[in-house]
Amino acid sequence: MTLDVTPSGSDLQLTTEGQLKHFLTIDGLSRNLLTEILDTADSFIEVGERRIKKVPLLRGRTVVNLFFEASTRTRSTFELAAKRLSADVLNLDISKSATSKGESLSDTLLNLEAMASDMFVVRHAQSGAAHFIAQSVTPGVAIINAGDGRHAHPTQAMLDMLTIRQHKAGFEGLRVAIVGDVLHSRVARSQIRALLTLGVAEVRLVGPDTLMPSDVSLLGVRVCSSMAEGLADTDVVIMLRLQKERMEAGLLPSEREFFRLYGLTAEKLAFARSDAIVMHPGPINRGVEIESAVADGPQSVILSQVTNGIALRMAVMSMAMSGQLAERTRTAARPGDAA
Amino acid sequence: MTELMNVEQVLERMAGELQTLFRGRNVEAPLIIGIRTGGVWLAEDLQRRLGLDDTYGSLDISFYRDDFERLGLNPQVRPSELPVDTEDRHILLVDDVIMSGRTIRAAMNEIFDYGRPASITLATLVDLGSRELPIQPDLVGQRMSLKDGQRIKLLGPEPLRLELRERKSQGRMSPERGAS
C-alpha cells in the first residue's frame, strides 16, 4: 500500500495566482504557501487572546460543517474557528440523515447548495471525498477537508506544524518521529508531507510492521521498528492514536503489548533529546500510546495543539474564502479590463 | 524621489501640541497605539518624546479592512500587539498618513474589540485630504495634496523620513492596498 492513496488534486486547491481556494491536502502545496498559512495562523492566535475573540472577515457568510463521520472535537474547533471569523455556522450531522437512506453524495450536495453556503467543512469515511465535493460544487464555494478516509487530514497536520514552530526555531535540521499506526492514519500522511515540504532533516516512522505502510520510498523518511532506534536524538515525538479495531483485526496481540514496545513512557522519551517535545493529535489513550506522566509532563505540548487548532483553521478558512473571492472577481472582469 | 518634510521637527512640534492637548483634558498618560507599519515607528517616537512609561501598542488592521471582498486577505498580516488593557484608557492613535479614513475606521473597530476606551485621540503625520468617511484627525503634522499616480511613503525607523514616489507603470493598476 502506497502512502498517496488518491490523486493529489493540488491544481484544484489553488487559483491561477497560486492562492488557496480549497484546502484538501498538503500534497502539491509549496513551502511558501505552507509558511504563509502558519504566519497567518499566528495572527489568529493573538485574536484568541483578546477580550472579544472575533474578527469580521467572514461576517454574513455561511459555513456548513458537513460531517459524514462523527467527530465532536474536530467539528467543535471548526465551529469555533468559523464563529470567531463572524460566520454563521450550520452543523450537519449527515451520518444520521439522508445519505443513510441511500441519497448519493452529489444529491446531498445539490440540496445543501440551495441553502447558499459559502464554505463546506467536510469529513468523510471515503478517501477522495473532499476532492470529489470540491470538483462538483458551485464555483465560489470553498471546501475544507476535515479528514477523508485514510487519505488526508491537512488541518491537523498544519496545526501540528504550527505547534512545532512555536517550540523549535524553525524546521531545518529537525528530526521528527511519528509513532504508532501510520498505516491507517490520514493524520500521519498529511504530517509526513508537511514536514518534508517544510524542510525537516528527517522523518522517522516507528511502530510494528503490521501498522507500517509497505512502500515508504520517500526521501527523508525512515522506518524504525524500535523506540530506541526511532526516538534517538529526535526533536519532536508525535504519538498517533491506536484504535481498538487494530487488535480486533489481529494486527496486534494486545494493547498491553503495544504499550510495552511502543508506548511513550518517560524511559523511552529519554532516547529523544532532552528538549524534545511530545505531541498527540488526540484523543489520547492513556496507558496505550502514552503514559500519563509524559502526557501531562513538561515536554508535552498536547494542550497547545488544541488552541493552535482553532487559529490554524481560522487561517485556512479565511485564506480559502479570500482565494474564492479573488477568483470570482477575476472571472467577472471583462477581457481587456485592468484587473 | 524628494524629501518632503523635516520629520524630526514636525514630530517635535506635534509632541508639544499633544502635551498641551492632553493636559487640557486632564489625561496624564495616554496609551499610544500605532497602525502598522508607519504608524508604529511614529508611536515609538512620540512615546519617547512624551516621556511615557507604558509600552506602546501596534495594530495590524488586516482583519478589519472593508475591502476583503475585493482584495482578499493580506498575505503579510502580522499579529497585533496590545500589551496593555485598553479598557477605560485614553488612547492616542497614530498613523503616518490619512486619506480616505477607512484605515482609521478599521483601527477603531479593532481597538473596541480589546475593550472600551475612555477616548481616542487621532494624530497623523500627513493629511492627504480625499476623505471618504467622516473621520478627522485631532492633530496633523502637515497637510499635502498629491497628483495622480503619486504616493508618499514613510521610511524608517532611523532616521524617519518621508518620500514622494511616482507610480511608473501604466496599465494594470491593482487597487492600492496601502490606501488609507
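Colleague: Let's start in chain B. Is the crossing of H1(B) and H2(B) left-handed or right-handed?

Modeller: Bear in mind that this is a predicted model. Helix H1 of chain B covers residues 7-24 and helix H2 covers residues 38-49, and their axes come within 10 Å. As for the hand of the crossing of H1(B) and H2(B), it's right-handed.

Colleague: What classes of residue make up the contact of H1(B) with H2(B)?

Modeller: H1(B) brings Glu8(B), Leu11(B), Glu12(B), Ala15(B), Leu18(B) and Gln19(B). From H2(B) come Leu42(B), Asp45(B), Leu46(B) and Arg49(B). Sorted by class, that's five nonpolar, one polar and four charged.

Colleague: Over to chain A: at what angle do H3(A) and H13(A) pack?

Modeller: H3(A) is residues 72-84 and H13(A) is residues 302-332, with the axes 8 Å apart. H3(A) is oblique to H13(A), and the crossing is right-handed. The angle is about 60°.

Colleague: Which residues of H13(A) make that contact with H3(A)?

Modeller: On the H3(A) side you'll find, among others, Thr74(A), Phe78(A) and Arg84(A). By class, the whole contact has seven nonpolar, two polar and two charged residues. The H13(A) side is Ile310(A), Arg313(A), Met314(A) and Met317(A).

Colleague: What about aromatics: are the rings of Phe44(A) and Phe63(B) stacked or edge-to-face?

Modeller: A search of the whole structure turns up two aromatic pairs. In the pair of Phe44(A) and Phe63(B), the ring centres are 4.2 Å apart and the planes are at 10°, which is under the 30 degrees needed, so the pair is stacked.

Colleague: Where do Phe44(A) and Phe63(B) lie?

Modeller: Phe44(A) lies in helix H2 (residues 31-47) of chain A, so the pair joins two chains, with Phe63(B) in the loop between strand S2 (57-59) and helix H3 (68-71) of chain B. For the model as a whole, the scores are ipTM 0.89 and pTM 0.91.

Colleague: Last one: which residues of chain B have a pLDDT below 50?

Modeller: Chain B averages a pLDDT of 90, and 91% of the residues score at least 70. Where pLDDT is low, the predicted coordinates should not be read in detail. The stretch below 50 is residues 171-176 of chain B.

Conventions
Residues are numbered from 1 along each chain as its sequence is written. Chains are lettered from A and ligands numbered from 1 in the order in which they are written. This is a predicted model: local features need pLDDT of at least 70, side-chain atom pairs count only at pLDDT 80 or more; totals for chains, interfaces and linings use all residues. Side-chain values use heavy atoms; hydrogens and water are left out. Axes are lines fitted to C-alpha atoms, for helices over the stretch in contact, and angles run from 0 to 180 degrees between N-to-C directions. Helices (H or I, at least four residues) and strands (E, at least two) are DSSP runs, numbered from the N terminus. Angles under 35 degrees count as roughly parallel, over 145 as roughly antiparallel, 65 to 115 as roughly perpendicular and the rest as oblique. A crossing is left-handed if the near helix is turned anticlockwise from the far one by less than a right angle, and right-handed if clockwise. Contact means heavy atoms within 4.5 Å. Ala, Val, Leu, Ile, Met, Phe, Trp, Tyr, Cys and Pro count as nonpolar, Asp, Glu, Lys and Arg as charged, and the others, Gly among them, as polar. pLDDT is the predictor's confidence in each residue, from 0 to 100. Rings of Phe, Tyr and Trp (its six-membered ring) pair if their centres lie within 6.5 Å; planes under 30 degrees apart count as stacked, over 60 as edge-to-face and the rest as tilted.
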